[in-house]
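Please keep the sequence and the structure in view while reading the points below.

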Amino acid sequence: MTVADSPVVDAMVLDAAGQPIGGAVVFAYDGYLSNLEIYAWDGEQITQLPSPDRLC
């Protein structure tokens, strides 16, 4: 499988109530994962990687 160069995936991060609180971006370089960015929209930090069920 060939992976395109950056960014590969851009998703919203949801809180426990299903409300969007930020985003996640997966980057690739030369076919390999090169970086992962998790960010919040309201200034609060996201301190743990979100579980897959909290990404959309």
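Aspartate 30 is exposed, with a relative accessible area of 59%, because a residue counts as exposed when that area is over 50%. Aspartate 30 belongs to the loop that lies between β2 and β3. The model described here is a predicted one. The protein contains 3 strands and 0 helices, and its elements follow the pattern β-β-β from the N terminus on.

**Confidence and overall dimensions**

- The average pLDDT of the protein is 88, and 91% of the residues reach a score of at least 70.
- Among the elements, β1 has the highest mean pLDDT, at 93, while β3 has the lowest, at 91.
- The C-alpha trace spans about 35 × 20 × 15 Å along its principal axes.
- Of the 56 residues in the protein, 14% are buried.
- The protein exposes about 4,300 Å², and 54% of this area is supplied by carbon and sulfur atoms.
- Among contacts between residues at least 6 apart in sequence, 28% join residues that are at least 24 apart.

**The sheet**

- The 3 strands form an open sheet in the order β1-β2-β3, with antiparallel pairing.
- β1 and β3 stand at the edges of the sheet and each has a single partner strand, so one side of each is left without a neighbour in the sheet.
- On average, neighbouring strands of this sheet are turned by 20 degrees against each other, direction ignored.

- Strand β1 covers residues 9-14 and strand β2 covers residues 20-29; the two run antiparallel and are joined by 6 bridges.
- Alanine 11 stands opposite alanine 24 in β2.
- Leucine 14 has proline 20 in β2 as its bridge partner.
- The two strands form a hairpin with 5 residues between them, and glycine 18 in the turn has a positive phi of about 85 degrees.

- Strand β3 covers residues 32-40, and its antiparallel pairing with β2 extends over 8 bridges.
- Valine 26 has leucine 36 in β3 as its bridge partner.
- Tyrosine 29 stands opposite tyrosine 32 in β3.
- β2 and β3 form a hairpin with 2 residues between them.
- Aspartate 30, in the turn of this hairpin, has a positive phi of about 55 degrees although it is not a glycine.

**Isoleucine 21**

- Isoleucine 21 is found in strand β2.
- Isoleucine 21 is partly exposed, with a relative accessible area of 28%, because this value falls between the limits of 20% and 50%.
- Leaving aside neighbours within four places in sequence, isoleucine 21 is in contact with Val13, Leu14, Asp15, Tyr39, Ala40, Trp41 and Ile46.
- Isoleucine 21 and glutamine 45 are 24 residues apart in sequence, and their C-alpha atoms are 10.0 Å apart in space.

**Phenylalanine 27**

- Phenylalanine 27 also has its place in strand β2.
- Which relative accessible area does phenylalanine 27 have? The value is 22%, and phenylalanine 27 is therefore partly exposed, since buried would require a value under 20%.
- Phenylalanine 27 touches Ser6, Pro7, Val8, Tyr32, Leu33, Ser34, Asn35 and Glu37, when residues up to four places away in sequence are not counted.
- One of these residues, serine 6, is 21 residues apart from phenylalanine 27 in sequence, and the distance between the two in space is 4.6 Å, C-alpha to C-alpha.

Key: Residues are numbered from 1 along each chain as its sequence is written. This is a predicted model: local features need pLDDT of at least 70, side-chain atom pairs count only at pLDDT 80 or more; totals for chains, interfaces and linings use all residues. Side-chain values use heavy atoms; hydrogens and water are left out. Two strands pair if DSSP finds at least two bridges between them. Helices (H or I, at least four residues) and strands (E, at least two) are DSSP runs, numbered from the N terminus. Buried means under 20% relative accessible area, exposed over 50%, partly exposed in between (1.4 Å probe, protein chains only). Contact means heavy atoms within 4.5 Å. pLDDT is the predictor's confidence in each residue, from 0 to 100. Accessible areas come from the Shrake-Rupley method with a 1.4 Å probe; for residues, only the protein chains shown count as cover. Axes are lines fitted to C-alpha atoms, for helices over the stretch in contact, and angles run from 0 to 180 degrees between N-to-C directions.
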